[in-house]
Every structure is written in C-alpha cells, then in structure tokens.
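Subject: Handing over the structure, with notes on what I found

Dear colleague,

I am passing the structure below on to you, together with a description of what came out of going through it. Please have it open while you read, as the notes refer to individual residues throughout.

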Amino acid sequence: MTFGQITNRDEHRWQLRAAEVLTQLLKHGYDGELPALMWTIASTGTLIGEASVLQPNADRRAAFEAWARLLDRHGNRWPERDRMNGGTHLHLTFSYPTNRGDVKGAIRADLDPADSDQ
C-alpha cells in the first residue's frame, strides 16, 4: 500500500503538531519545576529531549528521571545501556496523544564514565 509522496506541507504540519505538544510539555516542566532539556523537532514531527552534556552526571540523571516520571504513562523506558566509552545511556520513548494523532518522541541522557564525572 502506498500513500503517495511526502510533501513539504506534510513535514511542516507534523512539526507544528510536535511544537504544540512541546509547548504543553514545557508548561508541565515549568509548573513542575523540572530541569530543562535540550529539545529537537525532526522533519518527521518526532520530539527528542536530551539532558545537557555540559552538566554533571548527577544533574543529567536527575533531569532524565524527572522527565521520565512525567512521560511514564505515555512512554516505554529502555533498560540502561553501557556505552563504548564506559558511560551509561538512558532512554525513554513516548507516544503523546493529540486529537490529530500521536506525537512520537524520546528523552535521553548520556552519562560519562564514573571516573570522569564532572
């Protein structure tokens, strides 16, 4: 089954829907005094939130955990993964419902190896 060519308008529509969800999430984060994440909206309308690598590991983990609690009912938390450099990767995917379809996304944090913690 083919659905036809994806147009620029399709991608803009997906991004606008994701931006509306991001606005809602930011309001929840603000009201809940959650740590800020760096957010990206892909051309597919996918939202990605990341804890800043400029923060110490403890702050990155705390930011991830706070947002994971907020998104838990919409999300699927992955098991923690070891990174090649000896650090840890934290990841949660989510599907946030809207009246025009779900907005998919993820939050993540990469932690440095324990001996290099900032």
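Of the 118 residues in the chain, 35% count as buried. Please keep in mind throughout that this is a predicted model. The C-alpha atoms of the chain fill a box of roughly 50 × 35 × 25 Å along the principal axes, and the accessible surface comes to about 7,700 Å², with 52% of that area belonging to carbon and sulfur atoms. There are two helices and six strands in the chain, and along the sequence they follow the pattern α-β-β-α-β-β-β-β.

The helices

Helix α1 has 24 residues and reaches 34 Å from its first C-alpha to its last, which is close to the 34 Å expected at 1.5 Å a residue. Its buried residues are D10, R17, A18, V21, L22, L25 and G29, and these pack against β1, β2, α2, β5 and β6. Just after α1, E33 takes a positive phi of about 55 degrees.

Within α1, G29 may be worth a look. With a relative accessibility of 4%, G29 falls under the 20% limit and therefore counts as buried. Apart from residues up to four places away in sequence, G29 touches L34 and W67; the C-alpha atoms of G29 and W67 are separated by 7.8 Å, although the two residues lie 38 residues apart along the chain.

Helix α2 has 15 residues and reaches 21 Å from its first C-alpha to its last, close to the 21 Å expected at 1.5 Å a residue. The buried residues of α2 are N57, R60, A63, F64, E65, A66, W67, A68 and L71, and what covers them includes α1, β1, β3, β5 and β6.

The strands

Strands β1 and β2 run antiparallel and are joined by four bridges; they form a hairpin with five residues between them, and in its turn G45 has a positive phi of about 85 degrees. In this pairing W39 stands opposite G49 in β2.

Strand β2 is also joined to β6, here in the parallel sense and again through four bridges. On this side G49 stands opposite I107 in β6, while E50 stands opposite R108 in β6.

Strands β5 and β6 pair in the antiparallel sense over nine bridges, and the bridge partner of T88 in β6 is L111. The hairpin of β5 and β6 has six residues between the strands, and G101 takes a positive phi near 105 degrees in it.

The core and the aromatic pair

Which residues have the most contacts inside the largest nonpolar core? That core has 21 residues, and those with the most contacts inside it are L25, W39, L47, F94 and I107. The elements that give two or more residues to this core are α1, α2, β5 and β6, with α2 giving the most, namely five residues. For F94, leaving aside neighbours within four places in sequence, the contacts are L25, L47, L71, H74, G75, V103, K104, G105, A106 and I107, a list that includes L25, L47 and I107 from the residues named above for the core.

Finally, the structure holds one aromatic pair. It is formed by W39 and W67 in an edge-to-face arrangement, 5.6 Å centre to centre and with 75 degrees between the planes. Because W39 lies in strand β1 and W67 in helix α2, the pair ties together parts that are 28 residues apart in sequence. Both W39 and W67 are buried, and W67 is also one of the residues that G29 touches.

With best regards

How values were computed. Residues are numbered from 1 along each chain as its sequence is written. This is a predicted model: local features need pLDDT of at least 70, side-chain atom pairs count only at pLDDT 80 or more; totals for chains, interfaces and linings use all residues. Side-chain values use heavy atoms; hydrogens and water are left out. A nonpolar core is a set of buried Ala, Val, Leu, Ile, Met, Phe, Trp, Tyr and Cys residues joined through side-chain atoms within 4.5 Å. Buried means under 20% relative accessible area, exposed over 50%, partly exposed in between (1.4 Å probe, protein chains only). Contact means heavy atoms within 4.5 Å. The expected span of a helix is 1.5 Å times one less than its number of residues. Rings of Phe, Tyr and Trp (its six-membered ring) pair if their centres lie within 6.5 Å; planes under 30 degrees apart count as stacked, over 60 as edge-to-face and the rest as tilted. Accessible areas come from the Shrake-Rupley method with a 1.4 Å probe; for residues, only the protein chains shown count as cover. Two strands pair if DSSP finds at least two bridges between them.
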